[in-house]
Amino acid sequence: MNKPIADLAGKRLLVVGASRGIGLAIVTRAAALGAVVHLTARSAQAAADTAARLAAEHGAAVTGHGLDIAAADASARLDAVLDAAGPLDALIYNAGVSPVYARPEKISDEDFDAIARVNLRGPFIAARGFGARCLADKRPGAIVFVASVASLIGTPRLSVYAATKAGVAGLTRGLAVDWAQDGIRVNAVAPGWVATDMTQGLQDNPRLHDRLTARVPMGRFAQPDEIADTVLFLASDSARYVTGSVYSVDGGLVAG
């Protein structure tokens, strides 16, 4: 019998940035589909609490790890998480920050560095650590980055965020080419506007909310689980011939 699309039963996943928003939707859906889930959050307590709740709700194997991907020693911290998790089938990098919503002349060097550390350096060091272990073990793997539609269209007051997410798209294609012969697939999902706590301020401002949704052909923000399903498809064997691609999940925003 053919397996269902995005069959994740028994698949071992690490999801970086998973205690809320899109990341939480990803690990919740993965646990429900029978995956073995390792998740991280900046707060070790938040990671442990999320893992315990998902394990109880879904009868799944879920572990939580504290990981500050912005730390100076993030590579070493990430290596510790990877070693604790053991062999993995897929890495999903969802961590991201957007601390400033401002015109570029008002963005400081410190703001730039803080955004780039999480949004661009973070996915690289995570992929490097995961890929190195796949290569050493001579086993295939899948990497899925959560990028942003802001990397594909001009988005006011988000220039640095957009630049880092465009970097993720470039990283996706470059890693995919480097590792294709080794059986390591690399793809990215570029969400449009999603109803999470990161966008809560925009959702709560009627003028901004209406201006943003007016550009979306489907006329609304996405729900986090609508992004999670595409991410998990790309992490699954159903996407086994897919690599080097960036998928917009944006309600038609780019097309419009």
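1. Residues are numbered from 1 along each chain as its sequence is written. Because the model is predicted, local features need pLDDT of at least 70 and side-chain atom pairs count only at pLDDT 80 or more, while totals for chains, interfaces and linings use all residues, and side-chain values use heavy atoms, with hydrogens and water left out.

2. Helix α3 (residues 74-85) and helix α4 (residues 109-137) have axes that come within 10 Å and cross at roughly 40°, the axes being lines fitted to C-alpha atoms over the stretch in contact, with angles from 0 to 180 degrees between N-to-C directions. Helices here are DSSP runs of H or I with at least four residues, and strands are runs of E with at least two.

3. In the contact between these helices (heavy atoms within 4.5 Å), A74, S75, L78, D79, L82 and D83 of α3 meet R121, I125, A126, R128, G129, F130 and R133 of α4. By class, this contact has six nonpolar, two polar and five charged residues, with Asp, Glu, Lys and Arg counted as charged, Ala, Val, Leu, Ile, Met, Phe, Trp, Tyr, Cys and Pro as nonpolar, and the others, Gly among them, as polar.

4. Turning to the pockets, 28 nonpolar, 14 polar and seven charged residues make up the lining of the largest one, to which α4 gives the most, with three residues.

5. For the second largest pocket, the lining has eight nonpolar, four polar and seven charged residues.
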